[in-house]
Amino acid sequence: MPEIEPIPLSRLTTLQTGAAPERMIDASTREELVDALRGTWERGDDWFVLGGGSNLFVGDEPFEGTVVRILTRGIERLDAPEGRARLRVAAGHDWDALVAYAVEHGLAGLEAMSGIPGTVGAAPVQNIGAYGQEIVQTLLEVELIDAATGEVSAVPAAELGLGFRTSVLKQHYGSVPARSAVILSVTLELPDLGHEPHPVRGEQLQASLGLAPDALVTLAGVRERVLATRRRKGMVLDPADPDTASAGSFFQNAIVSESFARTLPPECPRWPVAPDLDPVLVIPLASFDGYVPPPAPRSVDVKVSSGWLIEHSGFSKGFALPRSRAGLSTKHALALTNRGGASAAELAELARYIQQRVQSEFGLVLQPEPVLIGVEL
Ligand SMILES: Cc1cc2nc3c(=O)[nH]c(=O)nc-3n(C[C@H](O)[C@H](O)[C@H](O)COP(=O)(O)OP(=O)(O)OC[C@H]3O[C@@H](n4cnc5c(N)ncnc54)[C@H](O)[C@@H]3O)c2cc1C
């Protein structure tokens, strides 16, 4: 098992915080990954897996446990129905390299997610998405190794609880994941559209790319435009751009009830959250008396722009507390950035200050999007 001299997590995470953990294992093959995880679980260590480190906020104290780095690579093409392609991709494969591969081969469904940093295995963990496209739309199944049993199984996407930046695998702040497991590989099914220009689906994507509803664009054209738009916002990792020393959006867009959303200023951007499919009503045959009750009324949730709430709580882009090396991105009010050598404590202080101001202005507490390890807000 390739145990290595632990590397400070500030060098392996895009927010650039965290000391070297107690133990670090590099897993470059599927077998090494499975062995590393089973060994760690048998020892009873505290643990977490590390992909690209682009959705992690790690505290300043050394993590007392094992960090398993997932470095597996590879795209395998499986048999697929006519007009579609199935790709099984190793968990450690670079996400954007996969998007580039799909676009190069005329496969649709990932192009709007161009430029998202990180690994393929981490993508279902928070159901990554951008401009109206999310991995849930093309994910068929994942291969999971379960921390409780060490068993490997194929799990269909429908069993992962994929929702807005969430899944059963995600460790949300203040809670534990509903299922403790690691993704070994991801299988996607993508329509084979080829290289001809097509209408771009989705108002959000059309608007963000400045396209007329009837405009025809190739997949490569969409990718190019998405990358250019993201670069302007500091949302593509670039060592030359200090605004990209972030975890992307630090706060999630808030999901609130329709009645609460009505208390917010009408200018605050908002989008309806698609309700879940109708729940299936099961009436045991023995107790069925011919009466089927009407469906229970369901409330509609609304997603509101946390970036807007932050900017309208008195923060301008680039804001920093006095003498702090943490600041808001100069391009994007939702991204907290490390302006060079900031500790996790400095970033957490800024995050708490923003949360408090937004709460006193608008009455809601913004929730962090990255996974927090050894840090409290
Ligand atoms: C500049 C920037 C822009 C971003 N833009 C977006 C965006 O547009 N949309 C979006 O959704 N996200 C965005 N993000 C967030 C981030 O890129 C994604 O969440 C990405 O999927 C994280 O991948 P990673 O490999 O870096 O995960 P890591 O940060 O290494 O890990 C994140 C979490 O997933 C767990 N994990 C990692 N791999 C696995 C695995 N194989 N199995 C189980 N658990 C695992 C880790 O333990 C950790 O809890 C952005 C981040 C940055 C820095």
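By class, the shell around the ligand holds 17 nonpolar, 13 polar and 2 charged residues. Here Ala, Val, Leu, Ile, Met, Phe, Trp, Tyr, Cys and Pro count as nonpolar, Asp, Glu, Lys and Arg as charged, and the others, Gly among them, as polar. The model is predicted: local features need pLDDT of at least 70, side-chain atom pairs count only at pLDDT 80 or more, and totals for chains, interfaces and linings use all residues. Residues are numbered from 1 along each chain as its sequence is written, and side-chain values use heavy atoms, leaving out hydrogens and water.

Of the 32 residues around the ligand, V49, G51, G52, S54 and T119 come nearest. A residue counts as near if one of its heavy atoms lies within 4 Å of the molecule.

Now the polar contacts, meaning pairs of N or O atoms within 3.5 Å. Q126 places a polar side-chain atom 3.0 Å from a ligand oxygen atom. R230 has a polar side-chain atom 2.9 Å from a ligand nitrogen atom. At G129, a polar backbone atom is 2.8 Å from a nitrogen atom of the ligand. Taken alone, the ligand exposes 990 Å², and the protein buries 94% of that (Shrake-Rupley method, 1.4 Å probe).

Which elements give two or more residues to the shell? They are β3 (47–50), β8 (129–130) and β12 (181–191). β12 gives the most, with 3 residues. Strands are DSSP runs of E, at least two residues, numbered from the N terminus.

Turn to another pair of strands. β10 (residues 139–146) and β11 (residues 152–156) pair in the antiparallel sense over 5 bridges; pairing requires at least two DSSP bridges. E143 stands opposite A154 in β11. The two strands form a hairpin with 5 residues between them. In the turn, G150 has a positive phi of about 75°.

Technical notes
A polar contact is a pair of N or O atoms within 3.5 Å; within protein, one must be able to donate a hydrogen and the other to accept it, and residues adjacent in sequence count only if both atoms are side-chain atoms. Helices (H or I, at least four residues) and strands (E, at least two) are DSSP runs, numbered from the N terminus.
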